[in-house]
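Good morning, and thank you for making time for this item. I would ask you to keep the sequence and the model open while I speak.

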Amino acid sequence: MSGTSEISPTAGAAVDDRVGLLRLATAGSVDDGKSTLVGRLLHDSKSVLSDQLEAVTRVSNERGQEEADLALLTDGLRAEREQGITIDVAYRYFATARRRFILADTPGHVQYTRNMVTGASTAELAVVLVDARNGVVEQTRRHAAVAALLRVPHVVLAVNKMDLVDYSEERFAEVANTFTAYAKALGVPDVRSIPVSALRGDNVVDPSSHMDWFSGPTLLEYLETVPVETDPTQEPARFPVQYVLRPQSDDEYRDYRGYAGQIASGVFHEDDEVVVLPSGQRTTIAGIDRLGVPVRQARQGESVTLRLADDVDVSRGDLIAPIDEAPTPTQDVEATVCHVADRPLRTGDRVLLKHTTRTVKAIVKDIAYRLDLDAPIDGELGHEQHPTELRANDIARVVLRTAQPLALDDYAVGRRTGSFLLIDEADGSTLTAGMAGAAFAAPGRCSG
């Protein structure tokens with residue numbers, strides 16, 4: 001998938017664990033003020049180093065601006081500054097006394113929607129920005145759809161530029177109600193709306209003196225308190241095999257056979273009964289090695305080597321899972337996708353499908369429908385049935401047939417083992433990001 005990452009630590013200690021950590025992504029149409037909002041969030045939370053602020057102030061003054069343009073804190077690329085828009089995903093690290101944050105700042109222009117997919121793919125919360133004057137526009141719906149498609153559990157609508165609508169409570173309610181209805185129709189489980197003025201600093205970090213009619217939290221207060229921690233012991237264990245280790249180098253390791261990789265979800269224990277997929281061979285975990293040291297258990301995110309009790313056939317691309325909660329291998333894949341390439345995707349196209357560490361050939365059997373982002377918000381989600389092709393940034397439902405079985409989860413069960421990429425087999429470029437299973441959490445009619 002296209003889109004590079006700029007690592008820009010801003011303040012505080014490096015994030016070294018997930019305690020109190022929130023991963024969030026921001027999205028908003030061009031000129032809605034997203035970069036200014038992120039800059040304001042960093043500035044008012046004291047997450048900007050003094051030399052960074054001095055540099056931004058100096059550039060702003062050279063441009064004739066009396067105050068520091070906080071948008072310059074986030075638009076790090078020369079091309080971004082020259083165009084005045086964000087064009088690439090940039091990851092910002094910052095912390096407050098209550099929580100640490102990894103913020104994926106994603107572009108707003110429609111041609112960079114693929115970058116939002118990248119930024120939101122690991123997010124637990126998405127901040128969708130709108131201009132209070134324009135309200136919900138097509139790109140807002142696209143951002144909501146991407147957040148719902150990627151099963152981001154919390155979505156915050158930041159209604160920005162409230163200073164330009166005289167801090168109108170009625171206008172805020174109108175925009176918030178429209179967006180909430182659309183997001184709920186997509187199945188987003190938690191939607192929160194907050195009126196802000198990023199330029200003036202209203203309700204970003206500090207409460208606004210202009211909107212005493214709003215009794216909710218500021219944006220930062222909400223980010224600090226929204227519950228997002230998950231318990232990996234409650235998720236099904238999944239281990240995609242990345243390497244088969246057989247050193248055979250000396251007497252100590254002559255008979256060593258281990259399977260290395262990163263645990264995608266859940267927890268594995270020594271003596272667990274497991275199945276190797278897609279072959280279906282059953283065995284038991286004889287041992288777990290982490291950094292060369294045996295351990296009794298390992299959990300999601302840890303890179304380990306599993307040793308199995310039996311001499312079963314295991315290769316790169318296989319998936320190891322507990323016997324009692326393993327996915328059923330299949331060659332028929334129904335999924336919702338976001339097409340990210342300029343090259344169209346058509347029914348009958350032959351592609352490569354990359355799922356965790358496994359890549360297989362596949363064919364596009366059907367494009368069931370494409371999401372119509374222009375459909376009226378107060379009706380059912382709009383679907384264009386059986387389009388002839390998908391173009392860049394389309395969100396659609398497809399049916400695929402793979403040449404070999406895949407141990408694919410429903411995306412609602414596991415974000416890593418329920419997702420995949422379609423790849424152009426001719427040049428290796430990424431075509432489409434896919435999420436297996438139901439289209440959205442609960443698609444249906446808008447609630448009003």
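This is a predicted model: local features need pLDDT of at least 70, side-chain atom pairs count only at pLDDT 80 or more; totals for chains, interfaces and linings use all residues.

The protein chain contains seven helices and 26 strands. Of its 448 residues, 54% are buried. As for contacts between residues at least 6 apart in sequence, 71% of them join residues at least 24 apart.

Let me begin with helix α1, which spans residues 34–44. How many of the eleven residues of this helix are buried? The count is ten, so helix α1 is largely enclosed by the rest of the structure. The buried set includes the nonpolar residues Leu37, Val38, Leu41 and Leu42. It also takes in charged residues, namely Lys34, Arg40 and Asp44. Ser35, Thr36 and Gly39 complete the list of buried residues in α1. After the helix comes Lys46, which has a positive phi, near 60°.

Which strands pair with β26? One is β18, residues 330–339, which runs antiparallel to β26 and is joined to it by five bridges. Within that pairing, Cys338 has Ala433 of β26 as its bridge partner. Another is β25, residues 419–423, also antiparallel to β26 and also paired over five bridges. Here Ser419 is bridged to Met435 of β26. Strands β25 and β26 form a hairpin with six residues between the strands, and in this hairpin Gly428 adopts a positive phi near 80°.

Is Arg343 buried or partly exposed? Its relative accessible area is 32%, so Arg343 is classed as partly exposed. Setting aside neighbours within four places in sequence, Arg343 contacts Asp349, Asp424 and Leu431. Arg343 and Leu431 are 88 residues apart along the chain, and their C-alpha atoms are separated by 7.5 Å.

Now to the aromatic rings. A pair of aromatic rings is described by the distance of the centres and the angle of the planes. The model has five aromatic pairs. In the pair of Phe172 and Trp213, the ring centres are 5.7 Å apart and the planes meet at 40°, so the pair is tilted. Phe172 belongs to helix α6, residues 169–186, while Trp213 sits in the loop between β7 and α7; the pair therefore ties together parts that are 41 residues apart in sequence. Phe172 is buried, at 10% relative accessibility, whereas Trp213 is partly exposed, at 24%.

The second pair I wish to show is Phe239 with Phe268. Their ring centres lie 6.3 Å apart with the planes at 80°, so this pair is edge-to-face. Phe239 is in strand β8, residues 239–240, and Phe268 is in strand β11, residues 267–269, so parts 29 residues apart in sequence are tied together. Phe239 has 0% relative accessibility and counts as buried; Phe268 is likewise buried, with a relative accessible area of 0%. Returning to Phe172 and Trp213, ring pairs link these two residues and Phe214 into a cluster.

The loop that holds Trp213 also holds Thr218. This loop runs between β7, residues 190–195, and α7, residues 219–225. Why is Thr218 classed as buried? The reason is its relative accessible area of 2%, since buried means under 20%. Not counting residues up to four places away in sequence, Thr218 touches Ile194, Asn203, Val204, Val205, Asp206 and Pro207.

How many cavities of 30 Å³ or more does a search of the whole structure find? It finds two. The largest cavity holds about 40 Å³ of space. Its lining has four nonpolar, three polar and two charged residues. The residues lining the largest cavity are Leu277, Pro278, Gly317, Asp318, Leu319, His355, Thr356, Arg358 and Ala407.

That concludes the presentation, and I thank you for your attention.

Key
Residues are numbered from 1 along each chain as its sequence is written. Side-chain values use heavy atoms; hydrogens and water are left out. Helices (H or I, at least four residues) and strands (E, at least two) are DSSP runs, numbered from the N terminus. Buried means under 20% relative accessible area, exposed over 50%, partly exposed in between (1.4 Å probe, protein chains only). Contact means heavy atoms within 4.5 Å. Rings of Phe, Tyr and Trp (its six-membered ring) pair if their centres lie within 6.5 Å; planes under 30 degrees apart count as stacked, over 60 as edge-to-face and the rest as tilted. Two strands pair if DSSP finds at least two bridges between them. On a 1 Å grid over the protein atoms alone, a cavity is a set of points where a 1.4 Å probe fits but cannot get out, and a pocket is an open set with protein on both sides within 12 Å along at least five of seven lines; lining residues have an atom within 4 Å of a point. Grid points are joined across faces, edges and corners, and a volume is the space filled by probe spheres set on the points.
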